[in-house]
Amino acid sequence: MSTRWFVHHAAEDPFAFPAGPGMLKLRLFVQNGLHLTCTVLHADRYSPPGREQPQAMERIGSAGAYELYETVIAAETGKCRYLFHLQDASGAYAWYGERGISENRDQAGFFQYAYIHQPEVLKLPSWSEDAVVYQIYPSSFNGGTLEGISEKIPYLQELGVNAVYMTPVFESPSEHKYDTTDYFAVDPAFGTLEDLKTLVATAHQHGIRVVLDAVFNHSGDHFFAFRDVLEKGEASAYKDWFFIRSFPVQQAPEPNYETFGEGIAVMPKLNMGHPAVADYMMEVAKYWVREAGIDGWRLDVANEVNPLFWSRFRRELKEEFPELLIIGEIMHAPGPWLRGDQFDGGMNYVLRDALLEFFAEQTAGPARFMEQQLHIEAMLNDQANSAMFQLLGSHDTLRFLTACKEGGRGWDHEATALRRMKLAVFFQMTYFGIPMIYYGDEVGMEGATDPHCRKPMLWEPETQNAELLGWYRKLIALRREYPMLRGKGAFQPWIVDEARNVVGYFRGRGSDKAGVILNLSPNHYQLELDGSSFGKNVLTDVLTGRTLHCSKKMVAELEPFGGLLLI
């Protein structure tokens with residue numbers, strides 16, 4: 001019996017979390033290459049010893065140094081104890097519990113999930129699972145006004161999206177509007193409150209939700225409270241709304257107060273732990289939902305704001321507006337903010353990095369790419385994964401098509417850029433979570449990072465890439481048609497062909513699942529498929545309508561830089 005196996009679990013999110021009423025999902029990390037059979041034994045915490053019921057765990061795949069095993073156990077009373085039994089092919093075994101790994105069951109101890117409370121993490125808006133989001137940078141979209149955006153709602157409906165996220169529209173002296181002057185006013189450059197109401201109403205009439213962007217980490221230096229501090233210094237009633245190091249307040253040559261970023265004087269950091277500041281911003285958040293009827297908030301620099309404020313933010317807003325979507329901008333692993341007490345989901349920049357490596361730069365192969373997908377998934381509970389904005393780019397990044405042209409293998413990498421981007425979009429639209437399209441990506445817009453990624457939208461047909469636009473429309477329509485492609489449907493690796501640069505994965509389970517294959521190679525690819533993997537003898541590639549028949553095996557062919565979506 002080996003006691004040197006590395007395994008890891010904790011009786012907390014994301015290793016143990018509610019999967020539904022009376023259901024608990026468990027994840028176990030096991031050292032890669034051991035090929036263990038993993039079983040969990042579980043019972044009510046107050047049941048006599050020996051009453052534990054065994055349940056096999058499913059190996060999901062390799063995430064690099066570890067393999068991921070999962071299962072969902074019944075916990076009707078909400079109180080659960082459990083431990084793991086691990087065994088290799090030779091018969092060597094070990095028990096694993098909260099006291100570690102042991103050859104003795106009792107010495108391993110039990111993990112304790114004390115109680116499944118009414119799971120806040122399950123309270124996602126009913127519409128989020130089906131959402132496809134389109135991000136708009138207002139000053140660059142159809143004239144730079146809210147009225148102009150309203151005029152293009154039919155275009156968005158035709159594209160197939162059903163939610164719009166706009167960067168800030170509140171009064172600010174800058175073009176980007178992330179330095180707010182008045183949190184209760186629409187910036188005159190964009191229009192009026194009535195224009196915003198009209199936009200939201202028009203979007204709703206076309207089945208499109210509207211998410212606004214709020215900046216509560218910092219304000220602009222024209223914000224009334226900061227102006228008061230500049231004028232009155234230590235005598236200001238608002239001095240504690242910010243983090244002032246000394247008086248009098250100075251902005252140059254270096255600010256003597258905390259700011260967003262590194263000494264950006266026009267963006268003083270707000271003290272969101274101060275009751276008056278928190279009260280003010282709560283009124284801001286509620287005002288725009290009540291007044292304009294918006295459907296969600298995307299929260300800027302969310303990871304630097306006092307988490308106690310976010311807990312209050314979620315609690316009060318969800319009580320009044322249970323269908324409101326709350327997305328935090330966190331440009332690194334967002335797990336601590338997505339445990340059910342703060343945000344529904346986040347902006348998945350960690351996933352974007354993996355997509356850049358594989359599709360655009362081609363510096364990672366299929367094995368690393370698939371390992372990253374499983375690792376990213378394993379770091380969040382299922383509900384958070386289903387509410388992540390899965391993006392290829394945003395107003396803060398270079399355009400994905402530009403990244404594909406700048407990177408890639410071979411002297412002709414620019415010639416393959418569009419096809420590689422199309423495969424990235426194929427992945428995005430067949431992956432779990434909420435796909436987010438950055439305006440203009442669907443028509444082939446290019447540009448480096450800010451400000452080049454924020455150029456005006458291309459509207460003239462002769463300037464648009466019609467092939468790419470048609471591809472987006474087709475994939476969005478397929479995502480909306482087949483439920484297993486949306487939300488939190490299961491994701492499992494299927495094909496990892498390192499030599500030929502091909503990956504495949506399943507979405508869904510049993511006979512209600514889809515198989516996706518991506519050929520990121522300039523060569524044709526042919527493989528034999530076992531129909532039993534799908535539980536059916538006839539499969540259809542819904543991209544082309546081609547039907548594959550088999551009794552046991554079938555042959556599938558992929559064009560260079562092509563894909564299959566088998567259902």
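## Aromatic pairs

The structure holds 52 aromatic pairs. The model is a predicted one. One of the pairs is F223 with W241. Their ring centres lie 6.4 Å apart, and their planes stand at 35 degrees.

F223 and W241 link distant parts of the chain, 18 residues apart. F223 sits in the loop between strand 16 (209-214) and helix 5 (224-232). W241 belongs to the loop between helix 5 and helix 6.

## Domains

The protein chain is divided into domain 1 (7-113), domain 2 (129-217 + 272-343), domain 3 (218-270) and domain 4 (485-566). Domain 2 is given as two segments, 129-217 and 272-343. Between the C-alpha centres of domain 1 and domain 4 the distance is 31 Å.

## Helix 6 and helix 7

Helix 6 covers residues 275-292, and helix 7 covers residues 307-320. Their axes come within 11 Å and cross at roughly 30 degrees. That angle makes helix 6 roughly parallel to helix 7, because angles under 35 degrees count as roughly parallel. The crossing of the two helices is right-handed.

From helix 6, the contact uses A278, D279, M281, M282, A285, K286 and R290. Helix 7 meets them with F309, R312, F313, E316, L317 and E320. By class, the residues of this contact between helix 6 and helix 7 are seven nonpolar, no polar and six charged.

## Helix 8 and its two partners

Helix 8 (residues 349-361) and helix 9 (residues 366-378) each take part in a described packing contact. The axes of helix 8 and helix 9 come within 10 Å and cross at roughly 170 degrees. Helix 8 is therefore roughly antiparallel to helix 9, as the angle is over 145 degrees. On the helix 8 side, the contact is made by V350, L351, A354, L355, E357, F358 and F359. On the helix 9 side are P366, R368, F369, Q372, Q373 and I376. The residues of the contact of helix 8 with helix 9 divide into nine nonpolar, two polar and two charged.

Helix 8 also packs with helix 12 (residues 417-429). Here the axes come within 10 Å and cross at roughly 145 degrees. The crossing of helix 8 and helix 12 is right-handed. L351, L355, F359 and A360 of helix 8 meet R420, L423, A424 and F427 of helix 12. The contact of helix 8 with helix 12 counts seven nonpolar, no polar and one charged residues.

## Backbone exceptions

Most residues other than glycine have a negative phi, and most peptide bonds are trans. H35 has a positive phi of about 55 degrees although it is not a glycine. H35 is placed in the loop between strand 3 (23-31) and strand 4 (37-43).

A cis peptide bond joins D13 and P14, with omega about 10 degrees. P14 is found in the loop between strand 1 (7-8) and strand 2 (16-20). The bond from F247 to P248 is cis too, and its omega is near 0 degrees. P248 lies in the loop between helix 5 and helix 6.

## L124

L124 lies in the loop between strand 11 (111-113) and strand 12 (133-136). Leaving aside residues up to four places away in sequence, L124 touches D344, Q383, S386 and A387. L124 and G335 are 211 residues apart in sequence and 16 Å apart in space, C-alpha to C-alpha.

Note on methods. Residues numbered from 1 in each chain as written. Predicted model: local features only at pLDDT ≥ 70, side-chain atom pairs only at ≥ 80, totals over all residues. Heavy atoms only, no water. Domains from an automatic or database assignment. Axes fitted to C-alpha atoms, helices over the stretch in contact; angles between N-to-C directions. Helix = DSSP H or I, 4+ residues; strand = E, 2+ residues; numbered from the N terminus. Parallel < 35°, antiparallel > 145°, perpendicular 65-115°, else oblique. Left-handed = near helix turned anticlockwise from the far one by under 90°. Contact = heavy atoms within 4.5 Å. Nonpolar A, V, L, I, M, F, W, Y, C, P; charged D, E, K, R; others polar. Phe/Tyr/Trp six-rings, centres within 6.5 Å; stacked < 30°, edge-to-face > 60°.
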